[in-house]
Protein chains: 2
Amino acid sequence: MLNKIVIFGVGLIGGSFARALKHAGAVRTVVGMGRSAASLARARELGIIDVVGGDMAEAMRGADLVLLAAPVAQTEAILGALAPHLQPGTVVTDAGSTKSDVVAAARRALGAKLAQFVPGHPIAGRETNGPDAAIIDLYIGKKTVLTPLDENASADVERVAAAWQACGAIIHRLTPEEHDKVFAAVSHLPHLLAYALVDDIANKPHADLLFQYAASGFRDFTRIAGSSPEMWRDISLANQAALLVELDAYMAQLTALRARLAAADGAAIEAVYANAQRARRQWIEAIETAETPQPKDSAE
Amino acid sequence: MLNKIVIFGVGLIGGSFARALKHAGAVRTVVGMGRSAASLARARELGIIDVVGGDMAEAMRGADLVLLAAPVAQTEAILGALAPHLQPGTVVTDAGSTKSDVVAAARRALGAKLAQFVPGHPIAGRETNGPDAAIIDLYIGKKTVLTPLDENASADVERVAAAWQACGAIIHRLTPEEHDKVFAAVSHLPHLLAYALVDDIANKPHADLLFQYAASGFRDFTRIAGSSPEMWRDISLANQAALLVELDAYMAQLTALRARLAAADGAAIEAVYANAQRARRQWIEAIETAETPQPKDSAE
C-alpha cells in the first residue's frame with residue numbers, strides 16, 4: 001500500500017494511473033500537481049485526486065511515489081523544481097515516450113538524487129485527453145517499459161513496478177537506449193511517415209481531388225497523423241539519433257523497392273509484400289494471444 | 001429494370017452488386033459466371049444469383065449488363081472470351097482498381113465492340129471475401145468512379161451509372177488517367193509504404209523485440225499490409241507509371257524531412273506535422289459530412 005503519491009499532470013495518463021491504483025486499493029492519498037488549476041479542480045471533483053497540490057515542499061513531504069505525466073518537454077523543469085524537496089524515501093518515475101533524453105534531463109536536474117529516479121513508459125494511449133478521459137482500466141494487459149538506471153536501488157525499481165502492476169500493466173525492462181531504438185522503429189518512424197504522406201498530398205495542386213477519393217485504407221494508415229504536432233515534434237527531436245537510423249533504413253528499403261517496380265519485377269515486389277503480410281499476421285496472432293481480446297483485425 | 005445481368009466473379013464485389021440490385025428490385029435475372037464451381041453453387045444457394053452460367057453464348061444472350069468482378073489479371077481473358085458473343089444491346093463494365101490497363105486490355109480484347117465497355121471502380125471493400133461476404137449495403141453512400149471512353153454512347157454510360165445508383169452508390173466520373181493518378185496517391189502508394197515498413201522491420205535481426213512493442217498506432221498504420229500480396233503486386237504493376245511518380249514525390253518529401261530532423265529544426269518539423277494534422281482533420285470532417293455515419297475517428 002502506497003501511503004501518498006504525487007502526480008504531475010492529471011490527464012489521461014496520470015489520471016488513469018491514479019484511478020487504477022485507487023480502484024486496486026493500492027494507495028491512500030493522491031496529490032495532483034499541474035499548471036492548469038481547472039484540470040486539477042476537475043480531477044478532484046472526479047475523485048481522481050484527493051488533494052490539489054500547490055506548495056512543492058508540502059506536496060513532496062512523505063511521498064512514496066511521484067509520477068511525471070506532464071508533456072515530456074516539462075520533465076527537466078519539474079524535476080528541477082521538486083529536487084530540493086525530494087526526501088530519501090521517495091521514488092520518482094515518469095511516463096515519457098522517449099527515455100535517453102529523460103535520463104539526461106534527470107541527471108542534470110537531480111544530481112546526487114538521480115538514484116531515486118526510475119524512468120518508465122506505459123505503452124497505452126487513447127485519442128482523448130484531460131481528467132475526464134482518465135479511466136480505471138487503461139493499463140490492463142498493456143506493457144509498461146521500465147528503463148532502470150545503474151544507480152537505482154532494486155527496491156525502488158520494484159516499488160515502481162508494483163504500482164504499474166497494481167494498475168494491471170505487464171512490466172518489461174529495457175535500457176534507455178534499447179527503448180529508444182525500439183520505439184523509433186515501431187512508433188516514431190510510422191508517425192513521421194504518416195505526417196509526411198498527408199503533408200505531401202495536402203501540398204499538391206490537386207489535393208482536393210485526391211482527398212475526395214481517399215478511403216478507409218488511407219484513413220487507418222494516416223490515423224497517427226492526427227496526433228499532436230507539438231508532442232511529436234518533441235519526440236522526434238528527443239529521439240533524433242535513433243529516428244534518423246530508422247528513417248535511413250526505410251528510405252533504403254524504398255529505394256530498393258522503387259528499383260523493382262521500375263523494372264516491373266513482379267516476383268520481387270510480391271516477395272516483399274508477402275513477407276510483410278506474413279510477418280504482420282504472425283504479429284497480430286501473437287498479440288491477440290498475449291493481450292486482452294481486441295476487435296478482429298485483418299486485411300482489407 | 002434490368003432484365004438480365006451477368007456477373008463474372010460472385011464474391012464480395014460482384015455478389016454485393018447482385019444482392020443490392022435484387023434488393024432494389026432493379027434486376028430480374030442474375031447469371032453468375034466464374035472459375036469456381038463451388039463459389040457459384042454457394043452464390044446460387046444464397047440467392048445471390050439465379051442461374052449458374054456455363055456456356056458463354058447462352059450466358060451472354062439477351063444480357064442488359066455484364067459486370068467483371070473477378071481478379072483484374074483475368075480481365076483481358078474474360079473480355080476475349082465473351083467478345084464473340086457480345087450482342088449489340090449489352091453493356092459491359094468492370095470493378096477493377098486500375099483503369100488505364102483495363103482500358104488497354106478491353107481495346108485489345110473487344111476491338112470494334114470497345115464502345116460497349118464502360119470502365120468502372122466501386123470504392124468499397126472489406127476484409128472478407130467469397131459469396132458469403134456479399135451484402136446488400138456494401139455500396140450505400142460509397143463512390144463508384146466511372147471512367148467512360150470517348151467511344152461510349154451516353155445511354156450506355158447511364159445504364160451502368162443507374163445500376164450502381166440502385167445499389168446506393170454515388171457516381172463520380174474521371175478519365176482513366178485521372179483515376180489512376182488519384183488512386184496511385186491515396187491508395188496504391190500507402191499500400192506500398194505499409195508493406196515496405198513491415199518488411200523492413202521483419203528483416204531486422206531484432207525483429208522479434210520490435211514487434212513485441214508495436215502497439216495500436218502501428219497496427220492501424222500497417223493494416224493495409226495485411227492485404228493480398230498477389231492483388232497488390234498486380235495493382236502496383238498495372239499502375240506502375242503513376243505509382244512511380246507518387247513514390248518519387250514521397251521520397252523527395254522524406255529526404256527534405258530528414259534534413260530538417262538532422263538539423264534539429266523543430267519549427268520546420270512541426271510545420272509539416274501540423275499541416276498534415278490540419279489537412280487530415282478537414283478531410284475527416286468532409287467525409288463525415290458527405291458519407292453515412294462512420295465510427296468516430298481522431299488522433300491517438
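Student: How many salt bridges are there across the interface of chain B and chain A?
Tutor: Eight, by the rule used here. Keep in mind that this is a predicted model.
Student: Which side chains meet in one of them, say for Asp248(B)?
Tutor: Asp248(B) pairs with Arg258(A), with N to O at 2.5 Å.
Student: And how many residue pairs are in polar contact?
Tutor: Between chain B and chain A the count is 40, with both residues at pLDDT 80 or more.
Student: Which element gives the most to the side of chain B that touches chain A?
Tutor: That is α7(B), with 19 residues. Other elements supply at least two residues each, among them α11 (240–262) and α12 (266–290) of chain B. By class, this side of chain B has 54 nonpolar, 19 polar and 20 charged residues.
Student: What area is buried between the chains?
Tutor: About 9,000 Å², and carbon and sulfur atoms give 64% of that. In chain B, the residues that lose the most area to chain A are Tyr213(B), Arg219(B) and Tyr273(B). Together they make up 10% of what that side buries.
Student: New topic. What volume does the second largest pocket have?
Tutor: About 310 Å³.

Terms used:
Residues are numbered from 1 along each chain as its sequence is written. Chains are lettered from A and ligands numbered from 1 in the order in which they are written. This is a predicted model: local features need pLDDT of at least 70, side-chain atom pairs count only at pLDDT 80 or more; totals for chains, interfaces and linings use all residues. Side-chain values use heavy atoms; hydrogens and water are left out. Buried area is the accessible area (1.4 Å probe) that two parts lose on being put together, summed over both. A salt bridge is a side-chain nitrogen of Lys or Arg within 4 Å of a carboxyl oxygen of Asp or Glu. A polar contact is a pair of N or O atoms within 3.5 Å; within protein, one must be able to donate a hydrogen and the other to accept it, and residues adjacent in sequence count only if both atoms are side-chain atoms. Helices (H or I, at least four residues) and strands (E, at least two) are DSSP runs, numbered from the N terminus. Ala, Val, Leu, Ile, Met, Phe, Trp, Tyr, Cys and Pro count as nonpolar, Asp, Glu, Lys and Arg as charged, and the others, Gly among them, as polar. On a 1 Å grid over the protein atoms alone, a cavity is a set of points where a 1.4 Å probe fits but cannot get out, and a pocket is an open set with protein on both sides within 12 Å along at least five of seven lines; lining residues have an atom within 4 Å of a point. Grid points are joined across faces, edges and corners, and a volume is the space filled by probe spheres set on the points.
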